[in-house]
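Reader: Please set out, by question and answer, how the model shown here is built.

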Amino acid sequence: MTGPAVGRGGAAADDRLTNSVLDFRPSRHGFHFANRFPPGPTVTFGPFDPRVIGIGDASAGLCGGMAFTVADLFRARVDPPPDTEPPPNGSPRFMSLVRRQVQSLDWLRLPAKFYDLSAFRPAAAAWWGGIRKPLGDVVLDEEWPKIRREIDDGRLASLGLIRAASANPLRLVSNHQVVAYGYRVEPNLVTLRVYDPNWPDRDDAEARMILAPGSTPRFESSTDEPLLGFFLAPYQPADPKAWRS
C-alpha cells in the first residue's frame, strides 16, 4: 500500500505504511556467498597488475557488482546459484561481477556523490558560499522520496550507504552498496529492508532513518555497522547471461 510521504515531523500516529517488491527475499533471490573474495586482481592489463598502485584487488570487495547482479537476476527471473563460496578469480561469473562493479560506479559519478554527500557535512557552508543542508536532511527531503518511489513502482532500489564522513577520498572505500526491496514507515522511523552482499541469506538486514521533530534525522544499521545516511544509486539492467547456466 502507499500513502503520504513521511515528513520532517514524522508519520501520523495511526500511519503505518509498508510496501515491498513482489516476493523478493534475500535468502532466496540474493547470493548465498558473502562479499569476501580472496586477494587477486579484478582485471589485468597485459603483464601489468593494477594492485601495484593500490587499486583493483578483489579482496576489497565487489558489493556494487553483487548488488547490481542480484537486481539483474531478479528482473530476469533467474535464480542465483546455490554456491556458498564466491566464483573463482578469472571465471566468467567473477568477471561478470567485476564488470557490474565497474558499471555501478557510473563513470565515477557514484564515488563523487559519496564524496559530495559526506565529505564536508555537517558544515553549514559550502566553499562557494552557499548553504549546504546536513546529510540527514538531504536524505529525508531528497533521497528517501526517490527510494520510496522506486519501491512503490515495483522496482528494486540500488542504494549507496554512507559509512564514513571525511574529506579524505581514500575513505570512500569504507562506503557500501546494497539493494532495498521494501520499507516500513512508523511514527518517527523509516525502515528499509535490504539485501546486503556482506550478509548473505539475511532477511532481517535493515537500514533505518530515525526521525525526531525539529532535529536532523539519524541513521542506524541492523548489522551494527556505521551508517550516516543513504541515497538512491543509478541502476541500469543488464542480461545476467553468465549466471543462466
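This is a predicted model: local features need pLDDT of at least 70, side-chain atom pairs count only at pLDDT 80 or more; totals for chains, interfaces and linings use all residues.

Author: Residues are numbered from 1 along each chain as its sequence is written, and side-chain values use heavy atoms, with hydrogens and water left out.

Reader: How many helices and strands does the protein chain have?

Author: Helices (H or I, at least four residues) and strands (E, at least two) are DSSP runs, numbered from the N terminus. From that end, the elements run β-α-α-α-α-α-β-β-β-β-β-β. The count for the protein chain is 5 helices and 7 strands.

Reader: What percentage of the residues in the protein chain is buried?

Author: Buried means under 20% relative accessible area, exposed over 50%, and partly exposed in between (1.4 Å probe, protein chains only). The protein chain exposes about 12,000 Å², of which carbon and sulfur atoms supply 56%; accessible areas come from the Shrake-Rupley method with a 1.4 Å probe, and for residues only the protein chains shown count as cover. Of the 245 residues in the protein chain, the buried share is 49%.

Reader: At what angle do α2 and α3 pack, and which class of residue has 6 members in their contact?

Author: The axes of α2 and α3 lie 7 Å apart at an angle of about 100°, where axes are lines fitted to C-alpha atoms, for helices over the stretch in contact, and angles run from 0 to 180 degrees between N-to-C directions. α2 is therefore roughly perpendicular to α3, a term for angles of 65 to 115 degrees, while those under 35 count as roughly parallel, those over 145 as roughly antiparallel and the rest as oblique. The contact (heavy atoms within 4.5 Å) involves residues including Phe68 and Asp72 of α2 and Leu97 and Arg100 of α3. With Ala, Val, Leu, Ile, Met, Phe, Trp, Tyr, Cys and Pro as nonpolar, Asp, Glu, Lys and Arg as charged, and the others, Gly among them, as polar, the contact of α2 with α3 has 4 nonpolar and 2 charged residues, and the class with 6 is polar.

Reader: Why is strand β5 largely enclosed by the rest of the structure?

Author: One side of β5 carries Glu206, Arg208 and Ile210 and the other Ala207 and Met209, all of them buried. Strand β5 (residues 206–210) is largely enclosed because its buried residues number 5 of the 5.

Reader: Which residue of β6 stands opposite isoleucine 210?

Author: Two strands pair if DSSP finds at least two bridges between them. β5 is joined to strand β4 (residues 189–195) by 5 bridges, the two running antiparallel, and arginine 193 stands opposite glutamate 206 there. With strand β6 (residues 218–221), β5 pairs over 4 bridges, again in the antiparallel sense. In that pairing, isoleucine 210 stands opposite arginine 218.

Reader: Is proline 217 buried or exposed?

Author: Proline 217 is found in the loop between β5 and β6. Beyond four places in sequence, proline 217 touches Gly136, Asp137, Leu140, Met209, Ile210 and Leu211; its C-alpha lies 7.3 Å from that of leucine 140, 77 residues apart along the chain. With a relative accessible area of 7%, proline 217 is buried.

Reader: What is the relative accessible area of serine 158?

Author: Serine 158 is in strand β2 (residues 157–162). Among its contacts outside four places in sequence are Phe68, Val178 and Tyr235. Serine 158 counts as buried because its relative accessible area is 5%.

Reader: How far apart in space are threonine 84 and alanine 34, C-alpha to C-alpha?

Author: Threonine 84 is in the loop between α2 (63–76) and α3 (92–104) and counts as exposed at 55% relative accessibility. Leaving aside neighbours within four places in sequence, its contacts are with His32 and Phe33. Threonine 84 and alanine 34 are 50 residues apart in sequence, and their C-alpha separation is 7.6 Å.

Reader: What is the phi of tryptophan 107?

Author: Tryptophan 107 lies in the loop between α3 and α4 (109–118) and is exposed, with a relative accessible area of 79%. Its phi is positive, in a residue other than glycine, and is near 55°.
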